[in-house]
Amino acid sequence: MSVPGYHRPKSVEDAARLLAETDGARCLSGGATLVAMMNASLAEPKAIVSLAGIPELAGIAELANGGFRIGAMTRHAATAADARLAGTLAVLRDAARQIANPVVRNMGTIGGSIGFADPAADYPPALVAANAEVEIVNAAGRRRVAARDFFVDWYTTACGPGEFVTGVHLPPPRPGAGLYRKLARVSGDFAIASVALSAARDAAGVSVRIAVGGCGPRPIRADAADALLSAKFGDAAAAAAAGEALAAAADPVDDVRASAEYRRLVIPRLVAETVAHARAALEAR
Amino acid sequence: MSATAKAVGAALPRAEVREKVEGRAQYIADLYRPGMLHGAVLGSPHAHARIKSYDIREALAVPGVHAVLTGDDFGDHRMGAFIKDEHAIAKGKVRYVGEPVAAVAAETEAAAKLAARLVSVEYEELPAILSPEAALAPDAAIIHEDVASYFKVFDTGSTANVCSRTSLTEGDAAAWDRCDVIVEGRFATQPQAHVSLEPCGALAEPDATGRVTLWSANQSVFRVQANVSESLGLPMAQLRCLTPRVGAGFGNKMEPHIQPIAVKLALATGRPVKLILTREEDFEIVRARHPFKLRVRTGALKDGTLVAREVEVLLDGGAYADDSPGVLGYSLFMSPGPYRFQYRKASGTLVYTNKLRFGAFRGFGNPQVSFAGEQQIDEIAARLGLDPLAVREKSMLRPGDKWFGGAEVGSNGLEECIARVKAASGWAKRAELEPSAPGRKRAMAAACTAHISGLLATGAIVRMLEDGSIVLNTGAVDIGQGSDTALTQICAEALMVPIERVRLASPDTDGSPYNWGTTASRVTYTTGRAVVAAALEVEKQIKQHASEMLECDAADLELRPGGRVGIVGVPDKAVSFFEVSARAHWARGGPIIGHNSLVFERPSVDPKRAIAVGLPFPQIGAFAFGALVVDIEIDETTGKIEVKRAWSAADVGRAINPLAVEGQLEGAFVQGMGLALNEEMVWDGPRLANPTLMDYKVPTALDSPHEIHSIIVEAPEPDGPFGAKGVGEIGINVVPAAIANAAAIALGKRFNALPLTPERVLRAMLGK
Amino acid sequence: MTLALSINGRIRHVQAGLSDTLLTVLRDQLLLTAAKRGCNQGVCGACTVLIDGRPQRACLSLAANCEGAAITTLEGLQRDAGMARLQKAFTATGAVQCGFCTPGVLVSAHALLSHNADPRTDEIRAGLSGNLCRCSGYRKIAEAVAEAAKEAKP
């Protein structure tokens with residue numbers, strides 16, 4: 001027994017084929033975004049391709065190189081709870097645990113979330129800071145896109161027609177710190193502005209990747225900011241300069257959460273605070 | 001009556017709690033009637049336009065559609081609490097984006113919504129007036145061209161786009177000359193959405209004669225009856241209005257939403273019709289809290305004695321008057337706060353604009369004027385180097401003092417409220433509070449307030465069933481605040497019966513005595529008085545029977561716990577209510593019924609003391625008092641304010657149910673925190689930009705302080721039921737003011753605009 | 001077209017179109033009206049039910065996508081000892097005012113206590129952060145959950 005238009009394929013390839021061949025089909029991950037849009041009559045799909053029945057999309061698997069592959073259907077609650085995402089990868093756990101609230105975290109998935117590419121969402125800057133790659137499927141096969149290139153514009157990703165996210169690849173965790181600091185009106189809201197930072201420490205020094213969310217069509221990053229922080233991780237002036245570089249690279253808008261001007265004002269302050277917390281975390285180890 | 005309280009003062013669970021925790025409570029959306037159709041409305045895309053024509057053919061062709069109605073199907077009847085300016089559905093003109101212009105009844109909700117979207121309306125756009133200033137401009141487009149001819153309950157002074165004007169003056173303006181310090185400022189507050197968890201809805205069912213039974217989410221079955229009958233041109237007797245469980249109101253459900261439309265659809269189709277608003281519609285087409293612009297001046301002597309206050313306000317009333325004239329009048333009436341002044345002047349103007357109507361919302365203008373007035377008292381204290389609470393204590397109204405304009409104040413527990421919040425919060429040591437972490441500033445501040453609880457009409461009927469148990473009928477709607485329980489406790493206490501022996505009838509315009517509504521914090525006091533009086537009548541009838549049964553004087557009888565009546569001093573000479581009721585039913589006198597009906601009669605203003613122009617409430621009073629202390633922290637990185645602890649004291653006269661009183665104080669505090677810190681309805685040109693819970697945010701469990709200490713003060717109101725006064729609103733009034741006072745102490749900057757967003761605070765910190 | 005859903009331990013057959021949510025099916029067809037429609041966008045929490053033991057939004061779950069999952073509503077927890085302790089605590093502490101949020105709150109609280117029998121106050125607040133209440137200010141709700149947890153200890 002089933003509902004006309006509803007499909008529950010068992011493989012990624014079947015799902016890709018259904019999406020390509022079925023007129024007006026949308027793929028369904030956790031439903032947090034698509035079903036809300038359907039309820040508001042903002043989306044009226046003629047067919048639904050549910051990804052819930054595809055085993056390879058579920059779960060977080062350790063890879064041979066020590067990195068991880070997070071299946072697209074992995075719920076935020078599972079990502080937030082996975083202790084293997086430690087060291088520099090903790091930025092992703094920290095971001096996942098701050099998405100919405102515990103009930104929505106039981107439903108929303110990483111694939112659905114990043115596929116929607118809301119610039120105020122929590123994964124995009126965290127994936128950039130974690131140096132992640134996004135795995136995409138199409139009729140021809142699979143390809144991977146670096147996170148910094150995956151988020152293209154407002155609600156626009158590198159996915160083409162008929163393509164969808166199958167997983168997220170993370171490099172091996174390195175000893176260090178990973179933090180996600182989110183400023184929002186109330187708990188669980190989308191970010192007014194957020195800072196995702198990973199700081200790897202080894203004998204050579206500290207290697208920092210930093211990205212800002214909620215302040216433009218894509219996660220904001222700046223080579224100069226990464227370089228400054230990596231070179232002089234302990235230096236307040238370097239953190240301030242990195243913050244200014246990120247604020248300059250930002251392209252915020254006025255919206256109901258905050259004004260563009262406030263975002264530009266608060267970015268360097270959040271960056272300085274997050275860097276200070278990361279330093280404290282490194283010193284504590 | 002008893003000397004030992006068993007019901008009144010007891011922290012009893014809500015009468016209806018079991019169905020609520022089992023999920024069996026039936027709210028409007030949970031009701032189903034056989035043959036029921038579903039309703040939907042189409043809203044106007046324009047803020048201001050004439051309606052030229054409709055084409056409903058495509059809508060009628062949708063399978064399952066039974067009726068498509070437009071303004072042409074409704075007569076030219078208007079409703080309105082103070083000014084009858086509003087049709088049941090847009091007629092001739094639309095005045096705000098989203099205003100219902102067409103309505104559909106169909107077999108399914110989906111079909112109704114689809115058909116509604118297919119109604120085609122031709123408009124001639126008019127200039128949209130989107131601010132009070134634009135409305136007052138000399139050549140502004142006029143929103144209500146016929147305002148002069150609308151029926152008005154009082155002399156509103158309506159003209160052009162001015163909806164109403166009010167002023168109240170008491171004392172001699174020469175008092176300003178005696179002031180050693182005067183502070184003056186301009187303030188602005190924002191529109192707030194109620195966000196009751198339950199969206200508005202109605203279910204109307206016609207009978208064979210065309211009489212309609214109407215259930216709806218409401219705060220007054222009688223206001224529903226009046227509004228529907230007026231806007232549809234129906235005699236009131238043609239409508240029977242009932243109430244299901246109501247999922248909160250805060251004022252949103254006090255006046256009409258889509259009830260008239262649901263009734264009209266039911267009459268047009270001959271079928272029951274249920275119309276439940278979406279959350280977006282609930283934001284866009286019901287009502288919201290008035291944004292205020294204020295100019296306030298306060299003067300004092302150098303020892304801190306308050307001398308003079310002048311308040312001038314400008315209210316954006318939105319497209320229809322609704323309760324707005326009342327909010328204007330009440331805000332001015334409350335604007336001096338609970339203090340002695342030698343001179344007080346308050347005046348203001350309410351203006352129509354092409355936005356959603358603004359209306360009743362917990363506090364009813366008091367929070368907005370308090371935001372200004374309570375900050376100015378703190379400013380004066382700061383300038384004089386005095387303790388802000390000491391300044392308030394010096395000038396607070398004392399027992400025997402009258403309110404602004406000369407209204408009688410019954411009981412006044414303000415002094416105790418202030419003393420207890422000071423003690424509980426450690427006020428004396430507030431300067432020693434340390435931030436909880438580096439990079440945060442911490443401060444403690446206070447504010448005081450008063451609110452009324454007596455207003456307009458109410459009644460109560462108390463009947464004894466054959467078995468001696470009691471049925472109470474008051475017409476008061478419990479919207480979640482606990483009035484059903486409180487009124488039952490009052491009745492049980494009055495007759496000394498266990499609470500389980502008192503049943504409360506559900507409000508029903510057919511069977512219940514008139515009750516103006518659940519608003520103005522009035523039910524416990526106003527309706528409670530009627531319950532006590534009706535119970536007293538029952539007691540007299542019981543004693544009359546008992547005196548004949550026991551062969552004694554009625555004056556020698558006393559009620560005894562558990563439904564008995566006996567001779568004073570003679571324990572074994574008694575009869576039960578059961579026996580009395582049996583006698584009444586079968587032998588003498590007839591079934592026992594007691595009733596009482598009252599209108600609150602104490603005048604608002606003494607014309608020998610004050611000059612009032614356009615005051616909408618000639619009789620209002622029964623003042624409750626409150627004091628609030630907050631302990632806040634400011635994140636210096638972002639400017640975000642967090643309330644860490646709060647102490648909210650309220651003189652409620654007598655706490656009929658302490659759990660319910662605490663619930664009101666705690667809930668009001670958090671709703672006030674939303675008003676203070678981040679809630680704001682934002683317009684993007686003519687349309688509301690954030691009509692969803694994604695975009696309009698209310699505090700969650702993680703945003704609300706763990707420590708909200710409710711402090712119950714009891715200064716019995718002489719004619720209150722067991723001394724009780726109201727508490728529904730007082731807990732919200734000074735939350736924004738107290739938080740702003742604390743921010744000013746922490747940062748040395750005054751905040752004249754709400755909400756105190758991180759942006760406003762950070763800019764103030766950085767001097768930007 | 002009929003769908004077979006497991007609701008409160010029984011298979012129920014319902015009619016569902018592609019866009020019908022679990023919430024609409026529960027309320028309109030099965031008359032299980034404890035789950036409420038407060039926003040239909042997954043924000044307010046009034047529609048919270050358990051799906052495979054985890055609290056989720058019925059308004060964001062397509063009915064068609066729920067075949068094979070075990071759905072539990074408040075109605076189905078009436079004989080659960082943990083739920084009974086919660087209901088007793090909510091009743092006694094005054095944590096229920098209008099009651100519209102209550103079913104969703106009870107389901108979330110039940111799930112919280114099932115996984116964390118002795119939560120701290122901040123854990124209780126975090127566990128309930130997906131349920132909006134406009135009446136209570138949350139203090140009595142948190143107190144009731146703590147009380148229910150205490151009652152469970154041997």
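Mentor: Let us start with the residues of helix 3 of chain C that count as buried, which are C:Thr102, C:Pro103, C:Gly104, C:Val105, C:Leu106, C:Val107, C:Ser108, C:Ala109, C:His110, C:Ala111, C:Leu112 and C:Leu113. Please keep in mind throughout that this is a predicted model.

Trainee: Turning to domains, how is chain B divided?

Mentor: Chain B has domain 1 (31-126 + 200-276), domain 2 (292-395 + 407-455 + 604-766) and domain 3 (457-599). The centres of domain 2 and domain 3 of chain B, taken over C-alpha atoms, are separated by 38 Å, and the contact between these two domains brings together 25 residues of domain 2 and 18 residues of domain 3.

Trainee: Which element supplies the largest share of the side of domain 2 of chain B that touches domain 3 of chain B?

Mentor: Strand 16 of chain B does, with five residues. Strand 16 (440-455) and helix 15 (658-677) of chain B each supply at least two residues of that side of domain 2. By class, the residues of the side of domain 2 that touches domain 3 in chain B are twelve nonpolar, nine polar and four charged.

Trainee: How many residues does the contact between chain B and chain C take from each chain?

Mentor: It takes 44 residues from chain B and 41 residues from chain C. On the side of chain B that touches chain C, the elements giving two or more residues are helix 1 (17-21) and helix 15 of chain B, and helix 15 gives the most, with nine residues. That side of chain B has 21 nonpolar, 14 polar and nine charged residues.

Trainee: And how is chain A divided by its domain assignment?

Mentor: The assignment for chain A gives domain 1 (6-50), domain 2 (55-170) and domain 3 (176-283), and the C-alpha centres of domain 1 and domain 3 of chain A lie 35 Å apart.

Trainee: Let us finish with the backbone. Where is B:Ala622 placed, and is B:Ala622 buried or exposed?

Mentor: B:Ala622 has a positive phi of about 60° although it is not a glycine, and its place is in strand 25 (residues 620-635) of chain B. B:Ala622 counts as buried because 30 other C-beta atoms lie within 10 Å, where the cut-off is 20 or more.

Trainee: In which loop is C:Tyr138 found?

Mentor: C:Tyr138 is found in the loop between helix 4 (121-127) and helix 5 (139-152) of chain C. C:Tyr138 is not a glycine either, yet has a positive phi of about 75°, and with 29 C-beta neighbours inside 10 Å, C:Tyr138 counts as buried.

Trainee: What is the omega of the peptide bond from B:Leu754 to B:Pro755?

Mentor: The omega is near -5°, and the bond from B:Leu754 to B:Pro755 is cis. B:Pro755 is found in the loop between helix 16 (735-747) and helix 17 (758-766) of chain B.

Key:
Residues numbered from 1 in each chain as written. Chains lettered and ligands numbered in written order. Predicted model: local features only at pLDDT ≥ 70, side-chain atom pairs only at ≥ 80, totals over all residues. Buried ≥ 20, exposed ≤ 12 C-beta atoms within 10 Å, placed from the backbone. Helix = DSSP H or I, 4+ residues; strand = E, 2+ residues; numbered from the N terminus. Domains from an automatic or database assignment. Contact = placed C-beta atoms within 7 Å. Nonpolar A, V, L, I, M, F, W, Y, C, P; charged D, E, K, R; others polar.
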